[in-house]
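Here is a short tour for someone meeting this protein for the first time. Have a look at the picture, then read on.

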Amino acid sequence: MASPDIAEMLEKSKELDRLRKEQEEVLLEINKMHKKLQNTPEAVEKPGDNSLSKLKMLYTQAKDLSESEMSISNQLLGQLDAMIPAGGAGQQRRRIEGNEQKKKRMKGDPDIPRLSPSMRNQQEFFVSLKGEQVAARVAQEDGEKDEWVIVKVTHYDKESKEFEVLDEEPGDDEEGGGQRKYKLPWSHIIPFPKMSDLATAPEFPPGKQVLAVYPGTTALYKATVVQARKRKSDDYTLEFDDDEEDGSLPQRMVPCNQVVALPDGHRQ
């Protein structure tokens, strides 16, 4: 039977393994963002693009994860120092110093981000969406088109990293007529701008394609901005795709907090 000290060390080592797995996930996302910025550097200048904000959030996660790994590693080293006899101190010191040199080399290498994640900031943001209405891409059986609707976030599962959401609009009789629930990843969720904080909402100029709530419904469709807003709180004047009436597209007013950036690769 393991002693309490050994058992605690084993638990900490499991935590390190978890942090390293999260680190690998964040590193992949950072590399994707770097590749995107290298291929289309002009994208960051487009209104509504959030590439730099997303990259900043990823590096913040990486920093938090690195600090968490260092904290747990230091705790483990302290426990080992207390357990190792005095005669082994010299060898232990050399090993620690070697690890410190390795860390310094990693720090100095500009091509290797220091990662070791604890998705604290991101998860706090995800958890904060509980009770909020967001745009969500829900599954569609034929898979040929993206279906975006307004849903309410009821829960964020930190283990599965999925949002539990509720489509509060009753379904068709064929679908049972009740409210539908979904479990969705972050890539299928777009938060709406808050009316209380429109200063930070993206600005969409005339001609910009967006995703917007069609008036009188809870569904979002691709649309084109017709007229720029004079004030942050003004509605957008939009023309929705496939909304033709009498040979022309009618212009429709949509509240600014129901208009978001059009996702890459949107199918409609």
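Which residues have the most contacts inside the largest nonpolar core? They are Val210, Tyr236, Leu238, Phe240 and Val259, in a core of 14 residues.

## What you are looking at

This is a predicted model, so local features are given at pLDDT of at least 70 and side-chain atom pairs at pLDDT 80 or more, while totals for chains, interfaces and linings use all residues. Residues are numbered from 1 along each chain as its sequence is written, and side-chain values use heavy atoms, with hydrogens and water left out.

The chain has four helices and ten strands. Helices (H or I, at least four residues) and strands (E, at least two) are DSSP runs, numbered from the N terminus. Reading along the sequence, you get α-α-α-α-β-β-β-β-β-β-β-β-β-β.

Of the 268 residues in the chain, 32% are buried. Buried means under 20% relative accessible area, exposed means over 50%, and partly exposed is in between (1.4 Å probe, protein chains only). Now for contacts, meaning heavy atoms within 4.5 Å: among those between residues at least 6 apart in sequence, 55% join residues at least 24 apart.

## The nonpolar core

A nonpolar core is a set of buried Ala, Val, Leu, Ile, Met, Phe, Trp, Tyr and Cys residues joined through side-chain atoms within 4.5 Å. Strands β6 (209-213), β7 (219-227) and β8 (236-240) each supply at least two residues of the core, and β8 gives the most, with three. In soluble globular proteins, nonpolar side chains tend to be buried together.

Thr237 also sits in strand β8. At 8% relative accessibility, Thr237 counts as buried. Leaving out residues up to four places away in sequence, Thr237 touches Thr224, Val225, Val226, Gln227, Gln251, Arg252 and Met253.

## Phe240 and the aromatic rings

Phe240 is buried, with a relative accessible area of 1%. Setting aside neighbours within four places in sequence, Phe240 has contacts that include Ala212, Tyr214, Tyr221, Leu249 and Val254.

Rings of Phe, Tyr and Trp (its six-membered ring) pair if their centres lie within 6.5 Å; planes under 30 degrees apart count as stacked, over 60 as edge-to-face and the rest as tilted. By this rule there are ten aromatic pairs. In one of them, Tyr214 and Tyr221 are edge-to-face, at 6.2 Å centre to centre and with 90° between the planes. Tyr221 is partly exposed, at 37% relative accessibility. Tyr214 and Phe240 have ring centres 5.0 Å apart and planes at 65°, so this pair is edge-to-face. Because Tyr214 lies in the loop between β6 and β7 and Phe240 in strand β8, the pair ties together parts that are 26 residues apart in sequence. Elsewhere, Phe125, Phe126, Tyr156, Phe163 and Trp186 form one aromatic cluster.

## One cavity

How many cavities of 30 Å³ or more does a search of the whole structure find? The search finds one, and about 40 Å³ of space lies in the largest cavity. On a 1 Å grid over the protein atoms alone, a cavity is a set of points where a 1.4 Å probe fits but cannot get out, and lining residues have an atom within 4 Å of a point. Grid points are joined across faces, edges and corners, and a volume is the space filled by probe spheres set on the points.

The lining is made up of Pro193, Ala201, Pro202, Phe204, Arg229, Tyr236, Cys256 and Val259. Seven of the lining residues are nonpolar, none is polar and one is charged. Here Ala, Val, Leu, Ile, Met, Phe, Trp, Tyr, Cys and Pro count as nonpolar, Asp, Glu, Lys and Arg as charged, and the others, Gly among them, as polar.

## Two loops and a strand

Most residues other than glycine have a negative phi, and most peptide bonds are trans. Lys161 has a positive phi, near 60°, and lies in the loop between β2 (147-157) and β3 (162-167). Lys161 is partly exposed, at 26% relative accessibility. Asp242 also has a positive phi near 60°; Asp242 is found in the loop between β8 and β9 (252-254) and is exposed, with a relative accessible area of 71%.

Val151 lies in strand β2 and is buried, with a relative accessible area of 1%. Val151 and Glu164 are 13 residues apart in sequence and 9.7 Å apart in space, C-alpha to C-alpha.

Definitions and conventions. On a 1 Å grid over the protein atoms alone, a cavity is a set of points where a 1.4 Å probe fits but cannot get out, and a pocket is an open set with protein on both sides within 12 Å along at least five of seven lines; lining residues have an atom within 4 Å of a point.
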